[in-house]
Amino acid sequence: MLRIRKVRNPFGGKKTLELTIPPSFRCPISLDLMKDPVTLCTGITYDRQSIDTWLDAGNRTCPATKQVLHNLEQIPNHTLRRMIQDWCVVNRSYGIERIPTPRIPVTRMDVSKILEEITIKSRKGDRSGCLELVKKVEMLGRETERNRRLIVSNETARALSEAFNTFAAASADVNASVLESVLSLIIWTFPLDDEETWCNLGSPSSLNCLAWFLKCGSLAGRRNAVLVMRELASSHQSYVDALSKTDGLVDALVNVIREPICPMTTKASLLVIYYMVSSSASNETIVMNLVEMGVVSLLLEMLVDSDKSVCEKALGALDGIFSYEKGREAAYIHALTTPVLVKKMFRVTDLATEFAVSGLWKLCKNYKGDDGGFLVEALMVGVFQKVLLLLQVGCGERTKEKATDLLKMLNVHRGNGECIDSMDFKQLKRPF
C-alpha cells in the first residue's frame, strides 16, 4: 500500500490535494521518504537511520528478504538520493522540502586512525596537535548518534585515558585545556570496563590531576573529574584507597558538596565519600578530616530537603562515618541527628532505610553516657514506634537484626522518654 501525503492546494481553495510518494523512494522499514538511502549486501535499500536502528537491536538479517547479512556494510545510494532530491524540488509547490545532502558518516577505520594519532601526539607531548584531534572526535560524535556509538565502541577510553595520564604527569596546569577536553570525551565511554583504562585514570598522576580540576578547574572540568572518580571508586577497592590517599582530594570533594555544581556531581561526590568511609582499608584519619570539615552537619542539613537519590547516598556516607568515634561524637551534639534519621527510615528507598537503621544502631550501641541521653532523645522523636512498624512491614535480614537489637536498647529507657511529633521538625533549633 502506497503512502499518501496530504498537502495544501497550491492553487488556493479549501480542498487539499493528495501526493503519492513513489514506492522506490520510501524506506521498507519506516515507509517514510528516505533522507539518506543506503544499500545492504542483499541489494535492498533502506534509510540509514531505520536500518541502523534495526541492526543496533541485534538483528542480523535483511528486514525485507529475511536473508542473513554476511556483512553489515552500508553503501550510500547516491543515485537514488539525487532522484529523491529532484522529486522534492519538482513538488516544492506542494510544500515538499528538499532533503539535504547527508554528511558522510565516520567509519570504524576513521576512528581508529584518529585515536592512533592521539596516542602518538600525546607521547610526544604535542598538546596542541592532540587537542585538535580530540576536538575532531568530539565534533564527529556530536554530528550523529551513530557516530557517537561508533566512537564509544572503538576502545576510545583506552587511548584517551593514556593521553590523560601522559599530559597529567607532565603538568596539569600547563596542559589544562587538552586535559579538560580529553576528560569530557572519557565521560562518553562510561561505564568503563577495561583494566588498562582504570590503571591510566587511577595512576597517582591522574588522581592528582583530578584533584587539581576539583580545586582549580572550570565547572565542566570539576563535574567531569567527580564523575571519573565515581567510576574509579565503584570499580575496585584499590582505587578507593588511592583516592583516599590523594592529597587535597577529600577536601575538594566536600567543597563540591557544599557548593553544588549540579545534582549529578553532588550524588557522585557523596558516592565517592561513601566508598571511602565504608572501605575496609579506611582509617580514622579520613573520618577525622571529614568531621573537622563539618561533613556530619552538612549531610544532616542536606537530608532535611533532598531527593531520594541524594538522601540514600548521604545516609550511606553518614552510616560509614558513624563507624568511628569522632563521627559519632559529631552526631551526638547535632540537633538534627535523631529526627532526620528517624524520618528517613521510611518513604525513601529500601537502601536508605537500611542506612538509617544502621546509623541509629551504631549511635545507640556506642553511646557512653550513663543517663542514656541520646537514646531518650531518640525515643522522644518516635524511633521506637518507627522501628516497631518497620519490623511489622518487613525489611532485609541485616536491617531486621539491627532493628531488633535497637528495640532492646531503647526499651530500657522507654519510661524516661515521651514521644513527640517529629514530622515537621517542629521546635528544633537548626544550626544554620
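Which residues touch the most other members of the largest nonpolar core? In this predicted model, local features need pLDDT of at least 70 and side-chain atom pairs count only at pLDDT 80 or more, while totals for chains, interfaces and linings use all residues. Residues are numbered from 1 along each chain as its sequence is written, and side-chain values use heavy atoms, leaving out hydrogens and water.

Select Ile118, Phe164, Leu210, Val228, Leu290 and Leu410, which touch the most other members of that 112-residue core; a nonpolar core is a set of buried Ala, Val, Leu, Ile, Met, Phe, Trp, Tyr and Cys residues joined through side-chain atoms within 4.5 Å, where buried means under 20% relative accessible area (1.4 Å probe, protein chains only). A second, separate core has 19 residues, including Leu19, Cys27, Leu55 and Ile84.

Next, centre on Phe164, whose contacts (heavy atoms within 4.5 Å) include Leu179, Ile186, Cys209 and Phe213, with residues up to four places away in sequence not counted.

Now display helices H6 (residues 156-170) and H9 (residues 204-216), whose axes come within 8 Å and cross at roughly 75°. Axes are lines fitted to C-alpha atoms over the stretch in contact, with angles running from 0 to 180 degrees between N-to-C directions, and helices are DSSP runs (H or I, at least four residues) numbered from the N terminus. H6 is therefore roughly perpendicular to H9, a label for angles of 65 to 115 degrees. Phe164, Asn165, Ala168 and Ala169 in H6 meet Ser205, Ser206, Cys209, Leu210 and Phe213 in H9.

Finally, select Asn147, Leu150 and Ile151, the buried residues of helix H5 (residues 145-152), whose cover includes H3 (108-123), H4 (127-143) and H6.

Key. Helix = DSSP H or I, 4+ residues; strand = E, 2+ residues; numbered from the N terminus. Parallel < 35°, antiparallel > 145°, perpendicular 65-115°, else oblique. Buried < 20%, exposed > 50% of the residue type's maximum accessible area, 1.4 Å probe, protein only.
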